[in-house]
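Here's a quick briefing on one protein chain, written for someone just getting started. Have a look at the model first, then work through the points below.

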Amino acid sequence: MRFVLDCDDCILDFCGPVAKLAGIQKSDIRNRDLALLPGWKAWQRVLGTQSFWTALEPLSGAVDFVRAAAGAGHRVTVATSPWPGMGSGRFAEARVEALARAGLFYGQDYDALVLARYKGDVAGDVFCDDYAKNCEEWARANPTGSVYLHDSSSNQLESRFQRINSLTELMPLISKESAR
């Protein structure tokens, strides 16, 4: 089975550090589109903070899930969208470094890091993202796959997909598939 997991707010905490830089509570980030507005005050701080991308911490249960999936012989792809204002190479390096800081290593815990503006291009069996638009694109391109929306302060108004609060909620999929 191939798991396709978004990096920000599925594996690593993104909204928490953004809220801190913006001087607001994480719960105040209600709509992801607000976080993407070019003039949003935190965005310039994010881009200006050299260590922001590499210092992101893992969300609870994320490391355990990725290790368990890989340990059971499943393939794990980390799919992430490059953010505006960052070159793809620099962004990819920062993601690999942040994942390594969290204890997840390329070739051992995950087999691919894919930079994809359109997540539907990343094939798999199970997809998890915190952004409903990505879930929608992936579901359309992979109609036989399972889609999960990872709960985040930025998607509280979304109700179209099955929600999970932690990747550990996907653990039964590993056991179920491993038993086959």
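Let's start with Cys128, which is buried at a relative accessible area of 0%; buried means under 20% relative accessible area, exposed means over 50%, and partly exposed is in between, using a 1.4 Å probe and protein chains only. Keep in mind that this is a predicted model, where local features need pLDDT of at least 70, side-chain atom pairs count only at pLDDT 80 or more, and totals for chains, interfaces and linings use all residues. Residues are numbered from 1 along each chain as its sequence is written, and side-chain values use heavy atoms, with hydrogens and water left out.

**Cysteines**

- A disulfide is a covalent bond between the sulfur atoms of two cysteines.
- How many disulfides does the structure hold? The count is zero, where a disulfide is a pair of cysteine sulfur atoms within 2.5 Å.
- For Cys128, the closest cysteine sulfur belongs to Cys10, and at 4.0 Å that's too far for a bond.
- Cys135 has its closest cysteine sulfur in Cys128, but the 6.9 Å between them is too far for a bond as well.
- Cys135 is also buried, with a relative accessible area of 0%.

**The overall chain**

- The chain has seven helices and six strands; these are DSSP runs numbered from the N terminus, with helices being H or I of at least four residues and strands being E of at least two.
- Going along the sequence, you'd read the pattern β-α-α-α-α-β-α-β-β-α-β-β-α.
- Out of 180 residues in the chain, 49% count as buried.
- Contact means heavy atoms within 4.5 Å, and among the chain's contacts with a separation of 6 or more, 66% come from residues 24 or more positions apart.
- The chain's accessible surface is about 8,600 Å², and carbon and sulfur atoms own 50% of that; the areas come from the Shrake-Rupley method with a 1.4 Å probe, and for residues only the protein chains shown count as cover.

**Strand β2 and its neighbours**

- Strand β2 covers residues 75-80, and five of its six residues are buried.
- β2 pairs with strand β1 (residues 2-6) in the parallel sense, over five bridges; two strands pair if DSSP finds at least two bridges between them.
- β2 also runs parallel to strand β3 (residues 112-115), joined by four bridges.
- Which residue in β2 is the bridge partner of Asp6? That's Ala79, and Ala79 also stands opposite Val114 in β3.

**Aromatic pairs**

- There are six aromatic pairs: rings of Phe, Tyr and Trp (its six-membered ring) pair if their centres lie within 6.5 Å, with planes under 30 degrees apart counted as stacked, over 60 as edge-to-face and the rest as tilted.
- One of them is Phe3 with Phe65, an edge-to-face pair at 5.2 Å centre to centre and 85° between the planes.
- Phe3 is in strand β1 and Phe65 in helix α4 (residues 62-71), so this pair ties together parts that are 62 residues apart in sequence.
- Phe3 and Phe65 are both buried.
- Phe14 and Phe52 have ring centres 5.9 Å apart and planes at 85°, so they're edge-to-face too.
- Phe14 sits in the loop between β1 and α1 (15-22) and Phe52 in the loop between α3 (41-48) and α4, so the pair ties together parts 38 residues apart in sequence.
- Both Phe14 and Phe52 are buried, and ring pairs link Phe14, Phe52 and Trp53 into a cluster.

**Glu137**

- You'll find Glu137 in helix α6 (residues 132-141).
- Is Glu137 buried or exposed? Its relative accessibility is 9%, so Glu137 counts as buried.
- Leaving out residues up to four places away in sequence, Glu137 touches Arg117, Tyr118, Lys119 and Gly120.
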